[in-house]
Amino acid sequence: MKLYEHMAKEVFNSYGIPTPRGRVVTSADEAGAVAEELGVPVVVKVQILAGGRGKAGGIKFPRDPAEARRAADELLGMNISGFAVERLLVEERIDIDSELYLGMTVDAGNRRPVVIASSRGGISIEEVPQKYIVREEVPIQWGLYPYQVRSICERMNLSGVLARQFEKIALSLYRLFRDEDAELTEINPLVITGDRLIAADARLNVDEDSSFRHDYPDTAMRGEVEQRVTDIGLSYVQLDGEVAVLANGAGATMATMDILQRCGSSAMNFLDVGGGATVDSMAQALRILADTRPRVLLINIFGGITRCDDVAEAVIRVQEEGTLRGSLVVRLVGTNEEEGLKALEEAGVTAFQKLEAAARKAAEMAQRGDGEVDADGNSG
Ligand code: GDP
Ligand code: MN
């Protein structure tokens, strides 16, 4: 499970890893107040469970508290990488001399933790050329030794006071990695500012099976949507494409995404309603997906125990509630298919029997930007 940046930074701090001064806020007024209180130039960063926020427009560099307030106002309620923005981190802006990368994860192939570092931080580590990536495996029974970190520094061309700080941070991060039962932890960028190192970003993914040993709030780890889905016993995965997918069964869900991909689009998320969905559970699932504000929502139901007329009823019910503002494409086959399709047709919902046709339609709508609706309900 992923932790939000601001929570990961709190954990980092408790292990002595330096992070910028700042606070998490949920309103524009608060953002202005924190900027005022810090009394220095700030950055305003959306708190979502996805990286690449910089590129996606989720980080602002306001000039003064009034501008911080406006930036926050703009960001709150936006949808970035498929996440509704509900929280922002306002923190002191760091003057960046250069950006490093430091991460730790489990190398499943070698069955041990691995430390990954690079002098080319600030971009996704997957984009860094191999020759700039330094790896150091850690035998779990011995832990990470200082000499290993010094070797990493040497390979990164880091020396003197910066190398000494890097060593402290890496050893602390390893302690954190083990004690917090992390699956992945990342500092990207680990910023060099003057003669100091500071963690400007923080990622911490922890092993869900160890959650009984820790006391992170559920929503912090899962995100709002995941929590709502878990509460009704279904499964949901956030992705970064364009179309929200609702299907029944893991196989059908994966097939839906494959076909969507083949039609030139991709899933923004998917929700598997499983077998035997009722009108109520289907409607609940639809409301949750509607709240992720997709441009297009593709429903693919193969009705066995689930009845197509029930599915149609749920779709129509949620459609009438008015929360489903994107375009809707339905593929419906199986038990009571005719009744279901007829009901949808009467309600003016685009419905298909062939998955391929439905996926093609959804991809087309996503590309045209059909149904792209802003928070006020205006198309454009
Ligand atoms: P991400 O895009 O989600 O990984 O968010 P990050 O927190 O890593 O920020 C992305 C980029 O924004 C960084 O690599 C920096 O280039 C820039 N950035 C973030 N915080 C600061 C800051 O305090 N000062 C400056 N100058 N740039 C920052
Ligand atoms: Mn980052």
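Student: Hi! How many residues surround ligand 1, and which are the closest?

Tutor: Ligand 1 is surrounded by 17 residues, and the closest are Lys45, Arg53, Gly54, Ile94 and Glu99. A residue counts as near a molecule if one of its heavy atoms lies within 4 Å of it. This is a predicted model, where local features need pLDDT of at least 70, side-chain atom pairs count only at pLDDT 80 or more, and totals for chains, interfaces and linings use all residues. Residues are numbered from 1 along each chain as its sequence is written, chains are lettered from A and ligands numbered from 1 in the order in which they are written, and side-chain values use heavy atoms, with hydrogens and water left out.

Student: Okay! What lies 2.8 Å from a nitrogen atom of ligand 1?

Tutor: That is a polar backbone atom of Ile94. An oxygen atom of ligand 1 also sits 2.7 Å from an N or O atom in the Glu99 side chain.

Student: Which elements give two or more residues to the shell around ligand 1?

Tutor: Those are β2 (42-46) and β10 (182-193); strands here are DSSP runs (E, at least two residues), numbered from the N terminus.

Student: New topic: is Gln148 buried or exposed?

Tutor: Gln148 is buried, with a relative accessible area of 3%. Buried means under 20% relative accessible area, exposed over 50%, and partly exposed in between (1.4 Å probe, protein chains only).

Student: And what is 3.0 Å from a polar atom of its side chain, I mean that of Gln148?

Tutor: The backbone oxygen of Glu137.

Technical notes
Polar contact = N/O pair within 3.5 Å; in protein donor to acceptor, adjacent residues only side chain to side chain. Helix = DSSP H or I, 4+ residues; strand = E, 2+ residues; numbered from the N terminus.
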